[in-house]
Each structure stands twice: as C-alpha cells, then as structure tokens.
Amino acid sequence: MEHVIAYEGKLVSLGLMQKEYGPHFFEWANSREGIEGTLLRPPYTLNNWEEWLASLDKGKGSNEVFAILLHDEREGKRTYQYVGHTGLHNVRWPEGRGSTGSVIGDAAARQRGCGTEAKLHLLYHGFQVMGLRKIVSSVKAWNAQSLGHLVKSGYQVIGRHRRHVFHEGNLVDEILLEVFREDWEPIWGGVPGNRRAAEAYRRAARFHRKRNKFVTTASRPPLAAAFPHKEAVHTRKGCYA
Ligand SMILES: CC(C)(COP(=O)(O)OP(=O)(O)OC[C@H]1O[C@@H](n2cnc3c(N)ncnc32)[C@H](O)[C@@H]1OP(=O)(O)O)[C@@H](O)C(=O)NCCC(=O)NCCS
C-alpha cells in the first residue's frame, strides 16, 4: 500500500492515518500487551477504528494523529511498516496547549527509540507547525517505557495524581508531565538527522528574535541533562499505590 509521509525521520516517519492500518490496530487493541499502558480496552472492533478515524477528520485543529511508520532499509530502498500512532489532542486556544498520546502496538518495535523519535517529530508539529506553547501528557506510574520516552523528548514530571487510574484491579498513580518548546528544542537539535532542520530553525529563530528585538538567549543545556529518565522512572513493581 502507499504510505503518505508527513515527517521523514531516521528510524521512523510520521505518516497520514489510513483505514488500511485498521486490521493491525484492531489486533493490538484486543491484546493486553498491545494497549496495557493506554486507556483502551477490549472489545475493540473494526467499526470502533473506522468511527475514530472519521472523528479525526472532523477534529482537525483539536485532534491531530499520525501513523508511526517504522523504516526498513534494503538495497538502498526504504519501505515503511505501520507500528502504531501518536497524536496531539484537546488543543485549546488562546492558551495554545494540547496533550499527547502514543501507542506502538507492535511490541517488537518498542524499546528501540521509535517512540522517542516519533514524539520528537510530533512535538515539531505541535510547536513549529501548529504554534502551540505547551504540551502535557500523563502516564500510569508503572509505565517506565512511556515515562522514559517522554522525558527523553523533553517533558518534565510536574506532579502526580494518587490512586487515580484503575488498572488490573488496582488504583494506580498517574504521573503528570509537560513540555515547552524550549525543553524540546535542544533535544530535537541533538537527534542525528535532525541537525540540519534544527540548525535551520535556530537561524530562523535568531533572525526572528533580532527583527522583533527579543533579548532572550536561552542557553542550550548539555544534552546529558535532558536524559535523567534512568533515575526518574520507576520499576513496574514498585509504584502501585
Ligand atoms: C510508550 C511507547 C510509545 C514508548 O515508545 P518506545 O519506542 O518503547 O520508547 P523508546 O525506546 O523511544 O524510549 C523508552 C525509554 O525508556 C527507558 N526505559 C524503559 N523502561 C525503563 C525502566 N524500567 N527504567 C528506566 N528506563 C526505562 C528505555 O531504556 C528508553 O530509554 P533509552 O533509549 O535511553 O534506553 C511504547 O513503549 C508503547 O507504545 N507502549 C505501549 C502503549 C503505551 O504504554 N502508551 C503510552 C500511554 S501513556
């Protein structure tokens, strides 16, 4: 099938959502492993998928979702495999804020950096294309993979709802995170392959600042400072309320 690429990355690209992806998601959505960290649950039908997809068309500006397409490079040719999706939701103006959510249904594609790269591109879309100011997210406290990929993308943990989400018979805490453009931007610049785009953005930002007589010169934090997640996240076992 033809994929339609919106943002080309190194490991993954973000593509337009298409109804042909439905049978894959339908399978993941009915298996615990596929959707455990999300608020979805079985039974999930193909009709559910199609209705959701149709709602995205109507929700443009408020809900914008992209397919995560994993690259496969063979003999100099790149092909794409749909492994999940990532999106911006509940966009509000004049606050200029929204929230994000991602799911990589294909477990074989997790823990390889795909979620982080997809999120960095989604944040590009949110900050640079939609003009958002701030983006929030929330995660079940045991979900280290999700916390890890958010913190790696620039989100900071700002709070915690205690005993907030029902999960497998327990009420578990929910961790609250948020990211501003200035948290994301140096990380975006640090991803190989995005350097050129980031440099172009910085040049444009310098020009814009000068023209508008902005005086802020946000210093770039060392990249290591952007990756505290190894310490920040919890083991699955240790964080039930
Ligand atoms: C959440 C999700 C999108 C993240 O994507 P991913 O491709 O697995 O994430 P990445 O590989 O880019 O990053 C995960 C990071 O968390 C780190 N991490 C995972 N478990 C960890 C743990 N127990 N302690 C510390 N760090 C951990 C990983 O090591 C990795 O960081 P690294 O690359 O520096 O090693 C994906 O795992 C997924 O779809 N999970 C199921 C659905 C879900 O939970 N969605 C989120 C709902 S809020």
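1. Which residues is Ile 68 in contact with, leaving aside its neighbours within four places in sequence? They are Val 12, Leu 14, Val 83, Gly 84, His 85, Thr 86, Ile 104, Cys 114 and Ala 118. Two residues are in contact if their C-beta atoms, placed from the backbone, lie within 7 Å.

2. A word on the source. This is a predicted model: local features need pLDDT of at least 70, side-chain atom pairs count only at pLDDT 80 or more, and totals for chains, interfaces and linings use all residues. Residues are numbered from 1 along each chain as its sequence is written.

3. The protein has 8 helices and 8 strands. These are DSSP runs, numbered from the N terminus: helices are H or I with at least four residues, strands are E with at least two. Of the 241 residues, 30% are buried. Buried means 20 or more other C-beta atoms within 10 Å of a residue's own; exposed means 12 or fewer; partly exposed is in between; C-beta atoms are placed from the backbone.

4. Helix α1 (residues 22-29) has the buried residues Gly 22, Phe 25 and Ala 29. They lie on the same side of α1, because they cover an arc of only 70° around the axis. The arc is that of the directions from the helix axis to the C-beta atoms. These buried residues pack against α2 and α3.

5. Thr 38 sits in the loop between α2 (32-35) and α3 (46-58). Thr 38 has 15 other C-beta atoms within 10 Å, so it is partly exposed. The C-alpha atoms of Thr 38 and Lys 140 are separated by 8.3 Å, yet the two are 102 residues apart along the chain.
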